[in-house]
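Here is a short tour of a protein model, written for someone who likes to look at the structure while reading. Keep the viewer open and follow along.

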Amino acid sequence: MSASIDFDKYEVVIGLEVHAQLQTESKLFCGDSAAFGGAPNTHISPITLGHPGTLPKLNKRAVEYAIRLGLACECHIEKENYFARKNYFYPDLPKGYQVSQHTAPICVGGRVVIPTADGERAVQLNRIHMEEDAGKSMHDQDPDFTLVDLNRAGVPLLEIVTEPDLHSSDEVYAFLTVLRRLVRWVDVCDGNMEEGSMRCDANISIRLKGETKLGTKVEVKNLNSIRNVKRAVESEIKRQITLVESGGTIVQETRGFDAGSGGSYSLRSKEEANDYRYFPEPDLAPFFFTDEFLESIRASLPELPEALVHKYVQQYGLSDYDAKVICDDKATADYFEQVVTLIPKHKAVANWLLGPVKSTLNEKGIDMIAFPLPAKALAALIQLVEDGKVSFSIASSRIFPELLLEPATAPLEIATRLNLLQDNNADNISPIIDEVLNKYPDKVAEFRKGKKGLMALFVGEVMKASKGKADPKLTNQLLAEKLK
């Protein structure tokens, strides 16, 4: 039936709620470990368990992290803050309520700029607020019981809520990709969706194009990768349009996504905000920020990716593509900055990072942060090429692999030991050139008649005969003289 449906007559409206787990050592309101992966129910205490008589104490580092992300997203930072209780009952919520800032967010407004097919676009944020995480209910560990692990209960989260400002699965994918890079860039969250440290719920609705009133929204949960968020959004869009076209009615509900089948299933009817009976948390005092405190956090922020891309293109002369690839990852951008400080050959350094270095990372299956070669070692290798002592080909195929095994050894020492230094002595290169030209008399004649493209053949043969050691610049010069 879906083959006859005109999907293009509908506009899709999507808002996202992204939970980012903060990289603090302890939980939001107590000293229990916030680390991932402990044995079940080992990162707990009477405060985590909500025992009577226990009192929470706010984690200052979590507050600083919230402000860092808010400033990076150009949010307004509220100076007067408080927490509220969000009341609901679930087996993995030990206190019977969650402490949240849902009603009074620390960061208001803001935006995240994403790439689209029509150029860059700013996705508007509604807010970013702090809250504590719930525990984890496990339904697949025992055939008869649901087991509860409360290690995660109380771990500090930021909830990043967009306006209904996204209109396709591609835009959702782009937003989450940019947001994950940003939370890693400002060092507040590791962005690992598989471990649950970044989780996303998508609120999806449809309406006929030209309509201004929002349609009935459906929330899709249990999304554990950016790819699965994209798949879930596509599946839900198709489900809603097909339902409406067949005469059905969309109901406001929460649905789960089955990554195996690619479909969704109903979980429950969607709660409204008043179902949670919010009221100010009586055990936590309100807290306030001074201008000096906010400015100290602003000053600690690294240069953000968009600014770096602009600098690399405008000041360093890199292509837009090269600049964006380098700035995809902060560790790569940091490494690039370290190398160009030592050897300001920006394009050459970019070529190495996007060529041999990137290939090595892919082969070893590691991230840039685990790359074993110090910046000074790569800078010294690039300098060898720039000085004409070795060719890029020899440097990348022969010296670079050895350098990875011996990061503390000078590239010049490796090149000398392997007898790879280029020969720039004309007395040594000239006889080789004579041999090559004598080997190809017909090609020499063609060259002299105007077929200048044959120069590459002659140079290649000289390099082959010299085992790559002939200085290419000198080789070209001597060839030109002999071919006159």
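## Overall build

Helices (H or I, at least four residues) and strands (E, at least two) are DSSP runs, numbered from the N terminus. By that count, the protein chain has 15 helices and 17 strands. Its radius of gyration (taken over C-alpha atoms) is 30 Å, well over the 23 Å that the globule rule gives for 484 residues, so the chain is more spread out than a compact globule. That rule is 2.2 Å times the number of residues to the power 0.38. Along the principal axes, the C-alpha atoms fill a box of roughly 90 × 60 × 50 Å.

Please bear in mind that this is a predicted model, where local features need pLDDT of at least 70 and side-chain atom pairs count only at pLDDT 80 or more, while totals for chains, interfaces and linings use all residues. Residues are numbered from 1 along each chain as its sequence is written, and side-chain values use heavy atoms, with hydrogens and water left out.

## Burial and cores

Of the 484 residues, 46% count as buried, meaning under 20% relative accessible area with a 1.4 Å probe, protein chains only. A nonpolar core is a set of buried Ala, Val, Leu, Ile, Met, Phe, Trp, Tyr and Cys residues joined through side-chain atoms within 4.5 Å. In the largest one, with 69 residues, Leu 16, Phe 175 and Leu 176 touch the most other members.

Not counting residues up to four places away in sequence, Phe 175 has contacts (heavy atoms within 4.5 Å) with Leu 16, Val 18, Val 112, Ile 114, Val 123, Leu 125, Thr 162 and Leu 166. A second, separate core of 42 residues includes Val 339, Ala 377, Ile 399 and Leu 403.

## A buried threonine

Now look at helix 15 (residues 472–482), where Thr 475 sits. Thr 475 counts as buried because its relative accessibility is 0%. Leaving aside neighbours within four places in sequence, Thr 475 is in contact with Ile 429, Ile 433, Val 462 and Ala 470.

## Who lines the pocket

A pocket here is an open set of points on a 1 Å grid over the protein atoms alone, where a 1.4 Å probe fits, with protein on both sides within 12 Å along at least five of seven lines; lining residues have an atom within 4 Å of a point. The second largest pocket is lined by 38 residues, and Arg 181, Val 325, Asp 328, Asp 329 and Lys 330 lie nearest its centre. Helix 2 gives the largest share of this lining, eight residues.

Methods
Buried means under 20% relative accessible area, exposed over 50%, partly exposed in between (1.4 Å probe, protein chains only).
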